[in-house]
Amino acid sequence: MLVRVVSCLFLFFFNIAQMAQEDKEKTTALKDLLSRIDLDELMKKDEPPLTFPKTLEEFEYAFNDRGQLRHTKTGEAFVFNYREDLHRWNQKRYEALGEIITQYVYERLEEECNLTREILPVDATEDEPKSFIYLSEDALTNPDKLLVLIQGSGVVRAGQWARRLIINEDMDSGSQLPFIKRAIEEGYGVMVLNPNENYLEVEKAAGASPEGPVSQQEASPEGPEEPAEKRERKEEREGGGRKKRDFYEKYRNPQKEKETEQIPIRDNSSSEEHTLYVWDQFVSRAAARSIFIIAHSYGGLSFVELMIQREAEVKNRVCAVAMTDSVHNVWHQEAGKSILEWLQEHCCNWVSSPEPLDTLVESMLPDCPRVSAGTERHELTSWRSFHSIFKFFEDALEAQESSDQQPSTTVTTRSANRIKHDEI
């Protein structure tokens with residue numbers, strides 16, 4: 001009897017142990033299966049087509065009287081998450097709208113501000129990639145004043161400070177239109193740079209490898225034999241080979257994006273190169289006695305680089321520079337002492353800060369004075385500083401004219417030309 005009881009207990013616990021082992025194996029198998037599933041790629045399979053409207057009208061958006069982008073039927077502001085859980089599709093839709101906004105701003109520059117395009121390079125052939133800038137009718141001939149606008153880096157093109165502001169807030173805060181219109185009203189000639197139009201993007205030819213030419217050994221099926229398991233482990237270690245990548249592109253990403261390559265624009269392949277080129281070909285040849293510059297974010301870095309390359313010319317021609325949250329760094333850019341002294345005299349940087357507008361902000365770098373733009377949002381610093389910038393230019397011009405009227409024996413001190421921040 002006892003033996004029978006013991007046998008039954010043994011079988012009972014044996015079955016429990018076996019079931020536990022089976023559950024563990026199933027759990028391990030399930031984890032392994034889940035680890036092999038690329039959820040991002042899996043979601044791409046159900047994406048709507050990556051094709052979007054080509055005009056604002058087709059998007060059913062328009063700018064109202066206050067310059068705000070609104071839906072023509074609902075009156076609502078732009079909605080980024082148009083389709084839930086489809087971030088890539090929403091991002092592509094946003095970018096498509098952004099390209100339309102760029103063209104819309106170009107139209108406003110031409111129709112409202114009467115600016116004209118000037119093709120770059122100036123001696124471009126018919127077949128090579130080209131860029132352009134915008135000039136007012138008197139940009140090269142105005143004998144008194146010239147205003148040069150340089151935006152930051154990224155997707156923004158001529159006439160824009162921040163595309164996000166144009167789409168989500170209004171045209172005035174995100175575009176350069178208010179600056180251009182006021183400058184023209186006050187008698188400035190105007191040049192609008194386009195420092196981010198650096199290359200022509202073209203679709204790669206069919207069959208071209210994104211990783212360069214494939215060697216004969218890689219391309220030939222007759223290459224060295226290698227066990228399939230070993231080859232798969234090798235591909236896994238390398239982050240997935242071409243065979244695995246093609247599998248996912250074919251079956252889990254039916255909307256494969258076109259592969260493109262970038263052809264740089266001669267003498268304009270970077271913001272710094274573009275700024276230098278426009279200076280040499282246009283700004284330095286302008287008739288204006290006094291040149292003024294507004295440079296936002298990376299545009300400030302490009303201006304400092306211009307000073308390093310053309311120090312004597314800039315000092316001789318530029319009256320004042322207004323930067324807005326500039327990312328320049330005089331130490332990293334290795335600006336000399338004479339440049340630092342000039343920046344302290346002729347430049348002011350309106351930076352993002354919680355302090356009230358025009359409040360002096362302490363700086364650790366020995367370059368231009370920094371004052372608050374009255375906002376902590378980087379992209380808003382230009383618009384919030386709008387009136388202060390033109391007051392700064394007015395004071396700088398008065399100081400220059402006063403200096404010119406003084407006898408040559410009089411020494412003009414640094415404090416005579418520096419902006420008085422408590423009077424802004």
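First, a term: helices (H or I, at least four residues) and strands (E, at least two) are DSSP runs, numbered from the N terminus. This is a predicted model, where local features need pLDDT of at least 70, side-chain atom pairs count only at pLDDT 80 or more, and totals for chains, interfaces and linings use all residues. Residues are numbered from 1 along each chain as its sequence is written, and side-chain values use heavy atoms, leaving out hydrogens and water.

Now the cavity. On a 1 Å grid over the protein atoms alone, a cavity is a set of points where a 1.4 Å probe fits but cannot get out; lining residues have an atom within 4 Å of a point. Points join across faces, edges and corners, and volume is the space filled by probe spheres set on them. The count is 1 cavity of 30 Å³ or more. The largest cavity has a volume of about 50 Å³.

Which helix gives the most to its lining? H11, with 3 residues. Strand S5 (145-150) and helix H11 (271-281) each supply at least two. Lining residues include Val148, Thr275 and Trp279.

Next, the helix pair. H12 (residues 298-309) and H14 (residues 337-346) pack at about 130 degrees, axes 10 Å apart. Axes are lines fitted to C-alpha atoms, for helices over the stretch in contact; angles run from 0 to 180 degrees between N-to-C directions. Who meets whom? Phe303, Met307 and Ile308 in H12 meet Ile339, Trp342 and Leu343 in H14. Contact means heavy atoms within 4.5 Å.

Technical notes. 1 Å grid on protein atoms, 1.4 Å probe; cavity = no way out; pocket = protein on both sides within 12 Å on 5 of 7 lines; lining within 4 Å.
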